[in-house]
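Look at the sequence and the model below. The text walks through a few places in turn, from single residue pairs up to the contact between the chains.

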Number of protein chains: 2
Amino acid sequence: MHHSQTMFQNRWLRVDVDVVELPNGRLYDYTVIREKKHGVAVIALNAAGQVLLQQEYRYPVAQVIWQVPGGLIDDGEMPLAAAQRELREETGHEAEHWCYLGALWDNPALEDMQIHLFLAQPAFAAGPPQWDEEEWIQWQWQSWSWLQAAIRTGEIKERVILAAVGLLWAHGDLPAGD
Amino acid sequence: MHHSQTMFQNRWLRVDVDVVELPNGRLYDYTVIREKKHGVAVIALNAAGQVLLQQEYRYPVAQVIWQVPGGLIDDGEMPLAAAQRELREETGHEAEHWCYLGALWDNPALEDMQIHLFLAQPAFAAGPPQWDEEEWIQWQWQSWSWLQAAIRTGEIKERVILAAVGLLWAHGDLPAGD
């Protein structure tokens with residue numbers, strides 16, 4: 001990198017324009033979004049094998065969307081602890097067993113953001129949720145056949161849910177349906 | 001929305017801070033990244049059912065990563081045409097049949113970016129690639145068992161590849177392995 005200029009930053013992210021040298025020797029202005037924190041997300045299954053899905057209004061896409069529990073990792077916090085905290089805060093649930101499925105990049109052509117994904121089972125209700133000021137989150141258990149249909153019809157577009165299916169498939173943990 | 005201020009923009013994206021009213025009546029500063037263009041990506045299979053994967057250096061994550069062909073939709077271009085163009089430009093391939101698998105949101109808590117995903121098969125070599133100035137892309141055919149192992153070990157973290165597995169599963173098109 002020859003030069004980096006921070007064009008904007010706040011508590012969430014920083015936008016840099018870095019001047020980088022291409023393999024042909026030419027200089028290129030690369031716009032990079034550097035998030036302040038990485039993320040976690042949780043695929044929580046109950047004893048019947050159903051998956052915990054949430055509905056939340058997401059302002060950037062201007063609609064209520066399906067998603068899984070998750071959020072940003074606090075400074076100094078381990079990803080597993082963040083995943084357990086987010087499941088508890090957002091849905092009031094805890095789980096007996098936690099398994100690390102892997103990480104995904106949100107958009108490696110633009111950002112450095114990683115999401116660490118965990119499988120938590122069986123999950124059980126442990127108390128009331130504790131939402132942040134800007135959170136209003138509904139949750140419910142859904143079957144894998146419901147999930148499959150919702151992805152097929154486009155009702156679910158959230159990259160973490162879709163990527164979770166890919167990670168579960170890779171680990172041999174993808175349910176056959178119900 | 002009460003007020004919106006554009007904090008930065010260039011040819012790729014715009015960063016806005018929008019003042020929105022929460023359900024409890026409080027005002028909240030929402031940071032939103034609005035990309036200028038949406039994206040497309042292609043799962044291209046050859047006659048043997050292998051998948052076309054690319055390796056490209058991605059500056060934001062500072063490493064060579066595995067990905068699938070794809071890019072941004074030009075102004076006025078249809079997503080299918082963009083997918084066909086990107087497959088041709090990045091790898092020199094065309095395909096007989098194209099099927100729309102669905103869309104994914106990159107990060108609906110921060111951005112409005114959507115990626116439209118297509119299944120293209122069988123794909124065949126049709127000429128040399130035509131890279132943009134900043135592109136140096138290697139590609140190769142990989143088996144689904146190789147892909148499964150590469151996701152499991154974390155060698156593949158790209159959200160589009162992981163999400164493509166989820167979309168193929170939802171459509172009943174996920175290969176059983178080879």
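Gln55(A) stands opposite Gln138(A), a residue of β10(A). This model is predicted, as is each feature described here. Strand β5, residues 51-58 of chain A, is joined to β10(A) by six bridges. The two strands run antiparallel. They belong to an open sheet of three strands in chain A, in the order β6-β5-β10. The pairing in this sheet is antiparallel. Its edges are β6 (63-67) and β10 (137-142) of chain A, each of which pairs on one side only. From one strand to the next, the twist averages 25°.

Now step back to the whole of chain A. Its secondary structure comes to three helices and 10 strands. Read from the N terminus, the elements follow the order β-β-β-β-β-β-β-α-β-β-β-α-α. Along the principal axes, the C-alpha atoms of chain A fill a box of roughly 60 × 35 × 30 Å. The chain has 178 residues, and 35% of them count as buried. Take the contacts in chain A with a separation of 6 or more: residues 24 or more positions apart account for 62% of them.

Next, turn to chain B and strand β4, residues 39-44. Is this strand covered or open? It is mostly covered: six of its six residues are buried. Gly39(B), Ala41(B) and Ile43(B) point one way from β4(B). Val40(B), Val42(B) and Ala44(B) point the other way. Residues on both faces are buried.

Which strands pair with β4(B)? One is β7, residues 70-72 of chain B, which pairs with β4(B) in the antiparallel sense over three bridges. There, Val40(B) stands opposite Gly71(B) of β7(B). Another is β9, residues 114-125 of chain B. Six bridges join β9(B) to β4(B), and these two strands run parallel. Gly39(B) has Ile115(B) as its bridge partner in β9(B).

Pro79(B) and Gly39(B) are 40 residues apart in sequence, yet their C-alpha atoms are 7.9 Å apart in space. Pro79(B) is found in helix α1, residues 79-91 of chain B. Why does Pro79(B) count as partly exposed? It has 18 other C-beta atoms within 10 Å, and a residue is buried only if there are 20 or more, exposed if there are 12 or fewer. Leaving aside neighbours within four places in sequence, Pro79(B) is in contact with Val40(B), Ile73(B) and His116(B). Val40(B) is the residue that stands opposite Gly71(B).

Now take the two chains together. How many residues does each chain bring to the contact? Chain B gives 49 residues and chain A gives 50. On the side of chain B that touches chain A, the elements giving two or more residues are β1 (3-9), β2 (13-21), β3 (27-35), β8 (93-105), α2 (144-152) and α3 (159-170) of chain B. The largest share, eight residues, comes from α3(B). By class, this side of chain B has 30 nonpolar, eight polar and 11 charged residues.

Two packed helices are described by the angle between their axes and the distance between the axes. Helix α2, residues 144-152 of chain A, packs with α3(B) at an angle of about 105°, and the axes are 8 Å apart. That angle makes α2(A) roughly perpendicular to α3(B). From α2(A), the contact is made by Gln148(A), Ile151(A) and Arg152(A). From α3(B), it is made by Gly166(B), Leu167(B), Trp169(B) and Ala170(B). These residues divide into four nonpolar, two polar and one charged.

Last comes the relation between the copies.

Technical notes:
Residues numbered from 1 in each chain as written. Chains lettered and ligands numbered in written order. Predicted model: local features only at pLDDT ≥ 70, side-chain atom pairs only at ≥ 80, totals over all residues. Contact = placed C-beta atoms within 7 Å. Helix = DSSP H or I, 4+ residues; strand = E, 2+ residues; numbered from the N terminus. Nonpolar A, V, L, I, M, F, W, Y, C, P; charged D, E, K, R; others polar. Axes fitted to C-alpha atoms, helices over the stretch in contact; angles between N-to-C directions. Parallel < 35°, antiparallel > 145°, perpendicular 65-115°, else oblique. Pairing = 2+ DSSP bridges.
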